[in-house]
Amino acid sequence: MAFRLANINDRATLVTDRGVYDLEGHGDGFSSDPMDAITRHGELHAVVAALPAEPDAQLDPATLGPPVPRPQKVLGIGLNYRAHAEETGMDIPTTPIVFSKFASCIVGPTADITVFGPTTDWEAEMVVVIGTRGRDIPASQAWEHVAGLTCGQDVSERTVQFGTRPPQFDMGKSFDSFGPTGPCLVSVDQFDDPDNLAIACAVNDEQKQDARTDDLIFGVAALIEHISAVCTMEPGDLIFTGTPSGVGVASQTFPAPDDVVTTTIEGIGTMTHRCAARG
Ligand code: ZN
């Protein structure tokens with residue numbers, strides 16, 4: 001049975017249509033730590049199947065933190081949708097462009113996004129959560145290493161991202177709050193085709209991005225094969241798989257404090273983020 005794993009007040013929590021269930025209270029030998037739940041993701045299918053009818057509580061979105069609160073690695077992929085590569089005027093990559101976001105930028109699905117500069121931009125992305133350790137993982141086995149999928153925003157300060165020669169993305173993509181994720185980690189068996197999901201982003205109810213993940217130039221399996229040839233993938237590692245066309249830099253419109261950025265992926269859910277002024 002598929003599972004939806006959330007982080008509620010820094011406790012691993014299973015979410016069903018009936019409500020929420022604290023994993024330490026319902027799983028055999030599980031701790032409250034969301035990272036422990038991800039490492040043991042294979043056992044969660046049985047736990048969710050055995051949950052009682054009565055939930056512990058109803059879901060309060062304000063209590064949701066990032067499904068993976070302490071990833072070892074947070075990797076992003078540049079220009080991984082054809083139309084997005086075209087809108088930036090850059091060549092279609094023939095090899096995945098991999099950068100990193102510092103783990104300290106990861107926040108939950110309702111946290112504020114701090115606008116650190118005049119060119120702070122949105123990037124709706126599907127995020128892959130690694131569940132099973134591996135190195136040199138062939139594409140044919142890559143999905144077996146995935147705990148699940150979640151929504152992400154690869155928030156980017158464009159002036160900083162492109163401010164050096166040659167450009168080096170990590171700083172512009174790692175300001176505090178620039179890694180929203182959530183609302184839940186959804187296991188792969190929830191999806192008829194995990195390689196073909198609708199993904200959308202709106203700012204103040206104006207649709208900005210609207211695409212499907214089957215437009216990815218390098219799909220999930222290819223990315224895992226590529227990255228794991230360099231570094232061992234660990235449970236909880238995050239891969240931000242790239243953003244479709246419709247980012248702010250293409251139209252030179254950027255969010256301002258009090259704007260609301262909404263990110264939705266089919267079968268996963270919606271994140272809602274208010275933009276906040278730099279304190
Ligand atoms: Zn991105």
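Helices (H or I, at least four residues) and strands (E, at least two) are taken here as DSSP runs, numbered from the N terminus. The model is a predicted one, so local features need pLDDT of at least 70 and side-chain atom pairs count only at pLDDT 80 or more, while totals for chains, interfaces and linings use all residues. Residues are numbered from 1 along each chain as its sequence is written, and side-chain values use heavy atoms, with hydrogens and water left out.

Even so placed, methionine 1 is in contact with His45, Val48, Ala49 and Asp189, leaving aside its neighbours within four places in sequence; contact means heavy atoms within 4.5 Å. Between the C-alpha atoms of methionine 1 and isoleucine 239 there are 24 Å, and 238 residues along the chain.

The protein chain splits into domain 1 (4-64) and domain 2 (74-277), with bounds that come from an automatic or database domain assignment. Taken over C-alpha atoms, the domain centres are 25 Å apart. Twelve residues from domain 1 and 19 residues from domain 2 make up the contact.

Next come the cores, each a set of buried Ala, Val, Leu, Ile, Met, Phe, Trp, Tyr and Cys residues joined through side-chain atoms within 4.5 Å. The largest nonpolar core has 43 residues, and Met126, Val128, Leu149, Ile224, Ile239, Ile265 and Ile268 touch the most other members. Helix 6 (residues 220-228) is the biggest giver to this core, with five residues. Both domain 1 (4-64) and domain 2 (74-277) give residues to this core, so it lies between them. Leucine 149 touches, among others, Met126, Val128, Trp143, Phe191 and Ile268, not counting residues up to four places away in sequence. Another core, of 29 residues, lies apart from that one and includes Leu23, Leu44, Ala147 and Phe175.

On to the rings: the structure holds five aromatic pairs (Phe, Tyr and Trp rings, the six-membered one for Trp, with centres within 6.5 Å; planes under 30 degrees apart are stacked, over 60 edge-to-face and the rest tilted). Phenylalanine 116 and phenylalanine 175 are stacked, at 4.7 Å centre to centre and 25° between the planes. This pair links distant parts of the chain, 59 residues apart, with phenylalanine 116 in the loop between strand 8 (113-115) and strand 9 (120-121) and phenylalanine 175 in the loop between helix 5 (158-161) and strand 13 (179-186). Phenylalanine 162 and phenylalanine 169 have ring centres 5.5 Å apart and planes at 75°, so they pair edge-to-face. Phenylalanine 169 is buried, at 19% relative accessible area, whereas phenylalanine 162 is partly exposed at 29%.

Finally, there is the zinc ion, whose protein donors are Glu123 (OE), Glu125 (OE) and Asp154 (OD), 1.9 to 2.0 Å from it. Donors are N, O and S atoms within 2.8 Å of the metal (3.2 Å for Na, K and Ca), and water is not among the atoms, so sites may look incomplete. Glutamate 123 lies in the loop between strand 9 and strand 10 (124-130) and aspartate 154 in the loop between strand 11 (146-153) and strand 12 (156-157), so the pair ties together parts 31 residues apart in sequence. Both glutamate 123 and aspartate 154 are buried.

Definitions and conventions
Buried means under 20% relative accessible area, exposed over 50%, partly exposed in between (1.4 Å probe, protein chains only).
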